[in-house]
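Here's a quick tour for anyone meeting this structure for the first time. Have a look at it below, then read on for the main points.

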Amino acid sequence: MPSPSVLIAACSPRKNGNSDIAARILQESFSVPCAARRIADAGIRPCQSCGHCRAHPGSCALDRDGDGAAAIFSLLMRARLAVLVSPIYFYHLPAQAKALIDRTQRFWHLEPQARPLGKTALTAVLLAGRPSGEKLFEGAERTLRYMALSSGMDWIPALCLYGLDEPGALAGDAGSMGRIRQFAQSLERGMAGK
Ligand SMILES: Cc1cc2nc3c(=O)[nH]c(=O)nc-3n(C[C@H](O)[C@H](O)[C@H](O)COP(=O)(O)O)c2cc1C
């Protein structure tokens, strides 16, 4: 089994909602090998600020007892591109996505040249219920951009989709589904250097 070129990390706790559908559309649109994971089901515990990664850069004291962060980071290290697909909760990301982001603190403590995600680019598809709002995606995008920077990843600006609230909203919105397909195609062209 080849290493996946793309990791799709679906971050909604709601099963079969808009993020899961968007993740499926992305997976179908990429022609390169993809791995898709539901972050809310991965069992990622939140950072406890225990100081372990400060003393042991690159490692985390929570990587045991069935915690799921290390498995996601292992996929992330092998992928050339990671696409985080997430709803907006209170102008930000759901707690399950934020838990994953906070667990990258282990990489922040490494010297920049030792960060293991230097060959991976990060982007996102963000979905919100509100039909408009200039600052709706600002908090999530800022955090993701900083996660990329502090982990040594390149950040590619996110695709932001408005007006998707009910779980079937995306499936009934041909325009938004088309934008997700086009986004995947442009990301793949970028990976191929075209
Ligand atoms: C706790 C919670 C907070 C939310 N906060 C916002 C918000 O601040 N702005 C917004 O536009 N939509 C908000 N929504 C709506 C979701 O972004 C929307 O329903 C989205 O489509 C859910 O994606 P999913 O189907 O993948 O779970 C919120 C939903 C929940 C459950």
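Among contacts in the protein with a separation of 6 or more, 78% are made by residues 24 or more positions apart; two residues are in contact if their C-beta atoms, placed from the backbone, lie within 7 Å. Keep in mind that this is a predicted model, in which local features need pLDDT of at least 70, side-chain atom pairs count only at pLDDT 80 or more, and totals for chains, interfaces and linings use all residues. Residue numbers start from 1 along each chain as its sequence is written.

**Overall build**

- The protein has seven helices and six strands, where helices (H or I, at least four residues) and strands (E, at least two) are DSSP runs numbered from the N terminus.
- Starting at the N terminus, the order of elements is β-α-β-α-α-β-α-α-β-α-β-β-α.
- A compact globule of 194 residues would have a radius of gyration near 16 Å, and the protein agrees with its 16 Å; the radius is taken over C-alpha atoms, and the globule rule is 2.2 Å times the number of residues to the power 0.38.
- The C-alpha trace spans about 50 × 35 × 30 Å along its principal axes.

**Inside the protein**

- Take L26: leaving aside neighbours within four places in sequence, L26 is in contact with I8, V83, V85, V125, I180 and A184.

**Around the ligand**

- The ligand has 18 residues around it, with S12, G17, S19, P87 and R130 coming nearest; a residue is near if its C-beta atom, placed from the backbone, lies within 6 Å.
- That shell holds ten nonpolar, five polar and three charged residues (Ala, Val, Leu, Ile, Met, Phe, Trp, Tyr, Cys and Pro count as nonpolar, Asp, Glu, Lys and Arg as charged, and the others, Gly among them, as polar).

**Out in the loops**

- S31 sits in the loop between α1 (18-29) and β2 (34-38), and counts as exposed because it has 11 C-beta neighbours inside 10 Å.
- S49, in the loop between β2 and α2 (52-55), has a positive phi near 55° although the residue isn't glycine.

Methods. A residue is buried if 20 or more other C-beta atoms lie within 10 Å of its own, exposed if 12 or fewer, and partly exposed in between; C-beta atoms are placed from the backbone.
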